[in-house]
Amino acid sequence: MNYAQRLHESTSSLHLQGYPSGFPVLLPNRLSQQRSTAVLQYLLDGNYLDKHTRQLTAEAMTYNAELAVLGYTRATFDWQEDGAIKGTNTAPVCWFLRSC
């Protein structure tokens, strides 16, 4: 079984505490570019986003050790009744061991 198949099976009934019900996809932060591309193509080919999709949220966290900066971003896309997609984004940056 390849990674994309395991990803689909593991997310079809997974509930993440603190998040609304849905179909979460967790991508390890150490995926190669080639593997990331394959997983994203799998999601596109499998109609992961379809006519029933109402919201998509993406979160990412990064750390730059040289600058001691921790970054976090959260983007949310909401499908509107008229077919438009409304997006919001937050991206606070924290200096390591300091408050945001």
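**Close-up views of a predicted model**

**View 1. Glu 59 and Arg 74 form a salt bridge, with their closest N and O atoms 3.0 Å apart.** This pair ties together parts that are 15 residues apart in sequence, because Glu 59 lies in strand 1 (residues 55-64) and Arg 74 in strand 2 (residues 69-79). The structure is a predicted model, and a search of the whole of it finds 1 salt bridge. How exposed are the two partners? Glu 59 is partly exposed, at a relative accessible area of 34%. Arg 74 is partly exposed as well, with a value of 31%.

**View 2. Thr 53 sits in the loop that runs between helix 2 (33-45) and strand 1.** Is Thr 53 buried or exposed? With a relative accessible area of 10%, Thr 53 is buried. Which residues does Thr 53 touch, once those up to four places away in sequence are set aside? Look for Tyr 48 and Trp 79, which are the contacts of Thr 53 here.

**View 3. Ala 68 has a positive phi, near 55 degrees, although this residue is not a glycine.** That is worth a look on the backbone, because most residues other than glycine have a negative phi.

Key. Residues numbered from 1 in each chain as written. Predicted model: local features only at pLDDT ≥ 70, side-chain atom pairs only at ≥ 80, totals over all residues. Heavy atoms only, no water. Salt bridge = Lys/Arg side-chain N within 4 Å of Asp/Glu carboxyl O. Helix = DSSP H or I, 4+ residues; strand = E, 2+ residues; numbered from the N terminus. Buried < 20%, exposed > 50% of the residue type's maximum accessible area, 1.4 Å probe, protein only. Contact = heavy atoms within 4.5 Å.
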